[in-house]
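Have the sequence and the 3D view open as you read.

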Amino acid sequence: MTVVNQTDLLGIGQSHLNLDGLLNNYLRHCSSAVSTVDNVEVAGRVTKVTGLVIEAGGIYLPIGSVCVIPMGDGQQVEAEVVGFDHGRLFLMPQSSIEGIAPSAKVILKSMPIRTSQFHKPFDHNDDSPQNESRVTRLPVGDHLLGRVLDAGGVPLDDLGPLQADHFAPLQSEPINPLKRAPIDTILDVGVKAINSLLTVGRGQRMGLFAGSGVGKSVLLGMMARYTDADVIVVGLIGERGREVKEFIEHILGEVGLARSVVVAAPADASPLMRLQGANYSATIAEHFRSQGKHVLLIMDSLTRFAMAQREIALALGEPPATKGYPPSVFAKLPKLVERAGNSDVGGGSITAFYTVLTEGDDQQDPIADSARAILDGHIVLDRTLAEAGHYPAIDIEQSISRVMHSIVDTQHQQSARKLKQLSSKYSRNQDLINVGAYVPGADAVLDEAIQKRISIENFLQQDFATQCNTQESIEQLNQIITQQG
């Protein structure tokens with residue numbers, strides 16, 4: 001500590017001394033001395049463990065803080081504060097809790113952004129040790145391209161350690177909705193059924209609604225391979241470990257992986273790590289967007305994210321509301337989804353596809369219903385089409401892109417609407433046609449639908465190894481609409 005001589009302070013009358021200057025100098029030295037002091041250890045003790053919830057006493061921390069619990073073998077368990085009650089903290093571990101003993105020490109590791117800023121605004125580009133010790137921050141940047149990471153930023157691909165040069169917190173401040181650039185540019189995803197009938201714009205958030213085994217992973221792989229986005233970020237949340245490797249090696253492939261970052265938090269990860277995996281994927285995408293790049297964010301699946309939050313909420317005693325889902329689940333979904341989208345005018349964008357698992361192909365599942373309300377459109381995959389060998393199994397009648405009308409021209413809109421009408425007309429009268437009860441000439445629109453049925457089916461199907469850009473997709477659509485019998 002700097003000591004100011006009393007004589008210096010008393011010599012106010014001397015012309016060569018300035019009291020204001022002395023006090024400012026004194027405060028400056030005090031501030032410098034405090035900044036060099038080692039951090040004080042903030043710790044408490046484990047008082048109870050029930051299921052996945054760890055209770056701790058003697059320590060007072062805000063929600064979102066991360067603590068470590070040392071184990072007897074020299075290892076440690078990280079846990080996040082997810083609640084509190086009458087002086088007790090409730091923590092959710094990020095890994096197995098086996099080995100935690102009664103009265104084990106609970107030590108603060110990092111604080112959430114909002115409570116750790118103190119008097120200095122937090123700087124996302126500040127990689128200093130002081131900022132690093134206050135906030136949990138994970139690696140982001142170009143060095144992640146081509147890599148496969150877990151929810152904590154640890155490589156899973158045996159390609160060596162990350163050469164991290166940028167870090168970012170898991171949570172970010174929302175963008176002012178009035179400052180977001182409008183969605184006015186088409187994003188080519190390489191799938192003609194989507195490019196032509198469900199045209200996606202840069203910055204749009206789309207849902208991919210599907211049951212199990214109808215080809216959603218293959219469709220996601222096609223978009224990741226053929227999109228014209230600059231960077232692809234893939235979040236595999238709650239999927240089986242076998243499917244993670246299969247998606248990377250056989251569906252995404254070397255070409256797709258080269259410009260992608262994959263974050264995997266499989267089903268055997270703790271619910272907290274599954275939540276973190278989804279937020280980490282969004283953080284990586286936000287970093288590339290801040291550089292002015294156009295990002296395609298693929299998250300498989302939004303339902304597993306909701307289930308992870310449900311596990312945590314129910315463990316903490318939150319009452320279930322809609323079909324077993326507590327209210328906090330429906331509060332978390334829009335916070336995650338709203339992180340995607342466009343930035344300021346002239347900046348980058350995040351176009352996101354979130355898969356939603358519909359249990360028993362029920363489109364009224366609470367998560368599906370909630371996601372449909374907060375997304376900018378949805379693509380429904382139909383099991384009947386998949387069983388008939390129709391891939392991608394997109395049900396164009398139930399699917400919609402809510403921004404398509406603002407990014408395509410009038411002719412394109414009319415052609416897409418016409419094809420949907422023909423497809424719908426045929427579907428409603430299919431039984432009548434199959435039994436031979438329909439008399440040709442009774443309905444001109446149905447006659448046209450029957451005549452063009454084969455052309456429409458061929459148009460809506462696409463092989464996994466085939467790419468079809470936006471211009472080709474529109475041309476093929478117009479050919480079907482204008483062809484004569």
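## Around S423

Leaving aside residues up to four places away in sequence, S423 touches I396, E397 and R453; a contact here means heavy atoms within 4.5 Å. This is a predicted model, where local features need pLDDT of at least 70, side-chain atom pairs count only at pLDDT 80 or more, and totals for chains, interfaces and linings use all residues. Residues are numbered from 1 along each chain as its sequence is written, and side-chain values use heavy atoms, with hydrogens and water left out.

S423 sits in helix α13. Helices (H or I, at least four residues) and strands (E, at least two) are DSSP runs, numbered from the N terminus. Is S423 buried or exposed? S423 counts as buried, because its relative accessibility is 6%; buried means under 20% relative accessible area, exposed over 50%, and partly exposed in between, with a 1.4 Å probe and protein chains only. If you look for L446, 23 residues apart from S423 along the chain, the two C-alpha atoms are separated by 9.4 Å.

## The whole chain

Zooming out, the protein chain has 17 helices and 17 strands. Of its 485 residues, 49% count as buried. Take the contacts in the chain with a separation of 6 or more: residues 24 or more positions apart account for 70% of them.

## Two helix pairs

Back to α13, which spans residues 410-428: its axis and that of helix α17 (residues 470-482) come within 10 Å and cross at roughly 60 degrees. Axes are lines fitted to C-alpha atoms, for helices over the stretch in contact, and angles run from 0 to 180 degrees between N-to-C directions. That angle is why α13 is oblique to α17; under 35 degrees counts as roughly parallel, over 145 as roughly antiparallel, 65 to 115 as roughly perpendicular, and the rest as oblique. The crossing of α13 and α17 is left-handed, a label used if the near helix is turned anticlockwise from the far one by less than a right angle, with right-handed used if clockwise. On the α13 side the contact uses Q411, H412, S415, A416, K418 and L419, and α17 brings I474, L477, N478, I480 and I481. Sorted by class, the contact of α13 with α17 has 6 nonpolar, 4 polar and 1 charged residues. Here Ala, Val, Leu, Ile, Met, Phe, Trp, Tyr, Cys and Pro count as nonpolar, Asp, Glu, Lys and Arg as charged, and the others, Gly among them, as polar.

Now for helix α10 (residues 327-337) and helix α11 (residues 366-374), whose axes come within 10 Å and cross at roughly 40 degrees. The angle makes α10 oblique to α11, and their crossing is right-handed. V329, F330, L333, P334 and V337 of α10 meet P366, I367, S370 and I374 of α11. Which classes turn up in the contact of α10 with α11? There are 8 nonpolar residues, 1 polar and no charged.

## A covered helix

Helix α6 (residues 216-226) is mostly covered, with 8 of its 11 residues buried. Those are K216, L219, L220, G221, M222, M223, A224 and Y226. What do the buried residues of α6 pack against? They meet the helices α5 (192-197) and α7 (241-258), plus the strands β10 (205-210), β11 (231-237), β13 (294-300) and β15 (349-357).

## Cysteines

If you are wondering about disulfides, a search of the whole structure finds 0; the test is a pair of cysteine sulfur atoms within 2.5 Å. C67 counts as buried because its relative accessibility is 0%, and C468 is buried too, at 5%.

Most residues other than glycine have a negative phi, and most peptide bonds are trans. A cis peptide bond joins D300 and S301, with omega about 15 degrees; S301 lies in the loop between β13 and α9 (302-315). Another cis bond joins Y391 and P392, with omega about -10 degrees, and P392 is in the loop between α12 (383-387) and β17 (400-401).

H86 is not a glycine, yet has a positive phi of about 50 degrees. You will find H86 in the loop between β4 (76-85) and β5 (88-93), exposed at a relative accessible area of 76%. D158, also not a glycine, has a positive phi of about 55 degrees. D158 lies in the loop between β8 (147-149) and β9 (166-169) and counts as exposed at 78% relative accessibility.
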